Amino acid sequence: FQPLFEKASEIPPGSPLHEEIARIRAASNDPVTQAALALQLVEQKVRYVNLALGVGGLVPVSAPETWERRFGDCKAKTALLVGLLRELGIKGVPVLVHTEQGDGLDKRLPMVGLFNHVIVRAEIGGKTYWLDGTRTGDTRLANLEVPYYHWGLPVTEGASLVRMVPPPL
């Protein structure tokens, strides 16, 4: 999946997305605020539509195409968000998860079918933020909680599962 998301998250020169990136940069120099604005852009300006037919079930649509269409599934919205973050100088990595049956994932044999969703793990100033472009209403990263998916698989070369459990209240 790493090469697929790498390619899909590319934002070529001349893309209208660069206007949005410039607007985010002009709004704040703070990377946490910039990441929140990028997340809001993906949540509010791109409708979530599940596309699970053909290659759409596994292959993300490119960030520019998702922006042009103004709709996409979790893969497309993640690729768009990762591309925006990258252009802003913020490290963001897609993470595959299972939204309902993540517990025990670490004990099973590796299978693509064990994942049904993808989100973004952003690292800013030594802190990890879990961003989900399919949600709505996320205005501040400080308000985001670790999603209770139990395990996630970062889409990076040589990655292993990461534990995803919210801290106790």
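**Figure 1. Helix H5, a mostly covered helix.** In this predicted model, 12 of the 14 residues of H5 are buried. The buried ones are Cys74, Lys75, Ala76, Lys77, Thr78, Ala79, Leu80, Leu81, Val82, Gly83, Leu84 and Leu85.

Figure 2. Look for the buried residues here: Gln34, Ala35, Ala36, Leu37, Ala38, Leu39, Gln40, Leu41, Val42 and Glu43. What do they pack against? The buried residues of H3 pack against H2, H4, H5, E4 and E5.

**Figure 3. The largest nonpolar core.** This core has 28 residues, and those with the most contacts inside it are Leu80, Leu81, Leu84, Leu85, Leu131 and Leu141. Which element gives the largest share? That's H3, with 7 residues.

Figure 4. Leaving out residues up to four places away in sequence, Leu131 touches Leu39, Leu81, Leu85, Ile119, Val120, Ala122, Leu141 and Leu144. Leu39, in that list, is one of the buried residues of H3, while Leu81 and Leu85 are among the buried residues of H5. There's also a second, separate core of 11 residues, including Phe5, Ala8, Cys74 and Val155. Cys74 is another of the buried residues of H5.

**Figure 5. Two residues with a positive phi.** Most residues other than glycine have a negative phi. Arg70 isn't a glycine, yet its phi is positive, about 65°. You'll find Arg70 in the loop between H4 and strand E2 (71–72). His150 also has a positive phi, near 75°, and it isn't a glycine either. His150 is located in strand E6, residues 150–154. Is each one buried or partly exposed? Arg70 has 37% relative accessibility, so it counts as partly exposed. His150 has a relative accessible area of 14%, so it is buried, given that buried means under 20%.

**Figure 6. Gln101, out in a loop.** Gln101 lies in the loop between strand E3 (91–97) and E4. Why does Gln101 count as exposed? Its relative accessible area is 55%, and exposed means over 50%. For a sense of scale, take Asp138, which is 37 residues from Gln101 along the chain: the C-alpha atoms of these two are separated by 24 Å.

**Figure 7. The second largest pocket.** Rolling a probe the size of a water molecule over the atoms shows where empty space is left. This pocket has a volume of about 200 Å³. How many residues line it? There are 13, and Pro110, Met111, Phe115, Leu153 and Leu161 lie nearest its centre. Sorted by class, the lining has 11 nonpolar and 2 charged residues, with no polar ones.

Terms used:
Residues are numbered from 1 along each chain as its sequence is written. This is a predicted model: local features need pLDDT of at least 70, side-chain atom pairs count only at pLDDT 80 or more; totals for chains, interfaces and linings use all residues. Side-chain values use heavy atoms; hydrogens and water are left out. A nonpolar core is a set of buried Ala, Val, Leu, Ile, Met, Phe, Trp, Tyr and Cys residues joined through side-chain atoms within 4.5 Å. Buried means under 20% relative accessible area, exposed over 50%, partly exposed in between (1.4 Å probe, protein chains only). Helices (H or I, at least four residues) and strands (E, at least two) are DSSP runs, numbered from the N terminus. Contact means heavy atoms within 4.5 Å. On a 1 Å grid over the protein atoms alone, a cavity is a set of points where a 1.4 Å probe fits but cannot get out, and a pocket is an open set with protein on both sides within 12 Å along at least five of seven lines; lining residues have an atom within 4 Å of a point. Grid points are joined across faces, edges and corners, and a volume is the space filled by probe spheres set on the points. Ala, Val, Leu, Ile, Met, Phe, Trp, Tyr, Cys and Pro count as nonpolar, Asp, Glu, Lys and Arg as charged, and the others, Gly among them, as polar.
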